[in-house]
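Me: Hey, could you walk me through this one? I'm new to reading structures.

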Amino acid sequence: MSTVVRLSGVTKEYAGGVRALDGVDLTIGRGELLAIAGPSGSGKSTLLHIVGTLDRPSAGTVEIAGFDVASLTDRRLSALRSQHIGFVFQAFHLVPGVSARDNVAEGLLYSGLPRARRRALAADALARVGLADRMKHRPHELSGGQKQRVAIARAVVGEPALLLADEPTGALDSASGEAVMELLHDLNREGATIAVITHDTEIAAGLPRQVRIRDGRVVADTARGKVAA
Ligand SMILES: Nc1ncnc2c1ncn2[C@@H]1O[C@H](COP(=O)(O)OP(=O)(O)O)[C@@H](O)[C@H]1O
Ligand SMILES: [Mg+2]
């Protein structure tokens, strides 16, 4: 199995001395579907920012899709991010007033593909998430669950090496949330590598691998059979 993410001894200290991550080792292989779970303040968002190359560690090494993040300039890093990582957030972050299809096509803005091709791929991605009949709807004309499906389509339209979802069901009612998790399972069965960040132990328990963090440390990883105090 090839490796998509490899974190080794990753520490993140914020100004003021808060150590949000403390010696994190984490490897994610191609084709995995895992939860990164922990209570509020445990370091989940910090970890998402580092795995998503939105931020750099204070110490330790980060490799994404085979690239050592420390060796890349900010510019190369943002190119790596747009090519290899898809993001899904709790609050959807769709562009208001713009059709579902154009929102999804935005996920290919830096692909270098011509506009017509981007729109065709966006239509395919919307069909994959079950929204073939909502191409022209704008965000305010969609339910929360549908908005999150659009956001997921936008995140996967470029076939990234890694999909990072931060509390993807956090703003949804339980039925829509379950449908979104089912969609992530489907995409994973089709080959996508997906990490779901969540404080919800039930959601975490429904995924094939659980990495638990607390106080900035990995305290359990079912892939390693490691359970520390
Ligand atoms: N930009 C920041 N500056 C200073 N401290 C921060 C910053 N972001 C997060 N922290 C602190 O780092 C710790 C982990 O935060 P975070 O990664 O947001 O946790 P979670 O997402 O699990 O709630 C917390 O103690 C938080 O207060
Ligand atoms: Mg958070």
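Me: Where is Gln146 placed?

Reply: Gln146 sits in helix α5, residues 144-156. Helices here are DSSP runs of H or I with at least four residues, strands are runs of E with at least two, and both are numbered from the N terminus. This is a predicted model: local features need pLDDT of at least 70, side-chain atom pairs count only at pLDDT 80 or more, and totals for chains, interfaces and linings use all residues. Residues are numbered from 1 along each chain as its sequence is written, while chains are lettered from A and ligands numbered from 1 in the order in which they are written.

Me: OK. Why does Gln146 count as buried?

Reply: Because Gln146 has 20 C-beta neighbours inside 10 Å. The rule is that buried takes 20 or more other C-beta atoms within 10 Å of the residue's own, exposed is 12 or fewer, and partly exposed is in between, with C-beta atoms placed from the backbone.

Me: And what is Gln146 in contact with, leaving aside neighbours within four places in sequence?

Reply: Leu131 and Arg134. Contact means that the C-beta atoms, placed from the backbone, lie within 7 Å.

Me: Switching topic: how covered is strand β8?

Reply: Mostly covered: β8 is residues 194-198, and five of its five residues are buried. Ile194, Val196 and Thr198 are on one side, with Ala195 and Ile197 on the other.

Me: Which strands does β8 pair with?

Reply: β3 (residues 33-37) runs parallel to β8, joined by five bridges. β7 (residues 162-166) also pairs with β8 in the parallel sense, over four bridges. Two strands pair if DSSP finds at least two bridges between them. If you want landmarks, Ile36 stands opposite Ile197, and Leu163 stands opposite Ile194.

Me: How does the chain cross from β7 to β8?

Reply: Through helix α6, residues 174-189, in a right-handed β-α-β crossover. Right-handed means that, with the strands pointing away from the viewer, the path from the first strand over the helix to the second runs clockwise.

Me: What about the open sheet, what's its strand order?

Reply: β2-β1-β4-β5, with antiparallel pairing. The edge strands are β2 (19-29) and β5 (67-68), and each pairs on one side only. Inside that sheet, five bridges join β1 (residues 3-13) to β4 (residues 59-64), and Arg6 has Glu63 in β4 as its bridge partner.

Me: Last one: how many helices and strands does the protein have?

Reply: Seven helices and eleven strands. Also, 41% of the 229 residues count as buried.

Methods. Contact = placed C-beta atoms within 7 Å.
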